[in-house]
Amino acid sequence: MNLVPLSSLNYQQRAIVDHIVTGNHGKLLVNRLQAMGLVAGTSVKILRKFWFKGPLQVQVGITTVIAIRRIEADLIMVKIT
């Protein structure tokens, strides 16, 4: 099983969320990300990567699109499909 951070995916690349690393921000950030649909088993796809280490635009599931900072995307571990 090869896990990589969400931030390392390329444009239009799909993956499945495996888990979220708690990191320095604690359970509060994990809960917020899960509320946006980033739970284990959910498919994600990178729609846009902004320049200069800007945010990522990510499709979560089929209909949800979110923008997420790269520092937070580093905590979301995914399996590439």
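Here are some notes for finding your way around this predicted model.

1. Ground rules. Residues are numbered from 1 along each chain as its sequence is written, and side-chain values use heavy atoms, with hydrogens and water left out. As this is a predicted model, local features need pLDDT of at least 70 and side-chain atom pairs count only at pLDDT 80 or more, while totals for chains, interfaces and linings use all residues.

2. The layout. The protein has 2 helices and 6 strands, where helices (H or I, at least four residues) and strands (E, at least two) are DSSP runs numbered from the N terminus. Reading from the N terminus, the order is β-β-α-β-β-β-α-β.

3. Overall size. Along the principal axes, the C-alpha atoms fill a box of roughly 30 × 30 × 25 Å. The accessible surface (Shrake-Rupley method, 1.4 Å probe) is about 5,000 Å², and 56% of that surface belongs to carbon and sulfur atoms.

4. Of the 81 residues, 35% count as buried. Buried means under 20% relative accessible area, exposed means over 50%, and partly exposed is in between (1.4 Å probe, protein chains only). As for contacts (heavy atoms within 4.5 Å), 59% of those with a separation of 6 or more are between residues 24 or more positions apart.

5. Helix H1. Look at residues 27-35, where Leu29, Val30 and Leu33 are buried. They sit on the same side of H1 because they cover an arc of only 100° around the axis, judged by the directions from the helix axis to the C-beta atoms. The face turned away from that buried side carries the exposed residues Lys27, Leu28 and Ala35. And what covers the buried residues? Strand E2 (14-20), strand E5 (64-68), helix H2 (70-73) and strand E6 (76-80) are included in the cover.

6. The core. A nonpolar core is a set of buried Ala, Val, Leu, Ile, Met, Phe, Trp, Tyr and Cys residues joined through side-chain atoms within 4.5 Å. The largest one has 21 residues, and Leu6, Leu38, Val44, Val58, Ile68, Ile76 and Val78 have the most contacts inside it. E2, H1, E3, strand E4 (56-60), E5 and E6 each give two or more residues to this core.

7. After H1. Gly37 follows the helix with a positive phi, near 105°. Further on, Thr42 lies in the loop between H1 and strand E3 (43-49). Is Thr42 buried or exposed? At 15% relative accessibility, Thr42 counts as buried. The Thr42 side chain reaches the backbone oxygen of Val39 at 3.1 Å. Beyond its neighbours within four places in sequence, Thr42 is in contact with Ala15, Ile16, Val17, Gly37, Val60 and Gly61.

8. Two phi values to check. Gln12 is not a glycine, yet has a positive phi of about 70°. Gln12 is in the loop between strand E1 (3-5) and E2 and is partly exposed, at 35% relative accessible area. Lys53, also a residue other than glycine, has a positive phi near 60°. Lys53 lies in the loop between E3 and E4 and, at 75% relative accessibility, counts as exposed.

Methods. A polar contact is a pair of N or O atoms within 3.5 Å; within protein, one must be able to donate a hydrogen and the other to accept it, and residues adjacent in sequence count only if both atoms are side-chain atoms.
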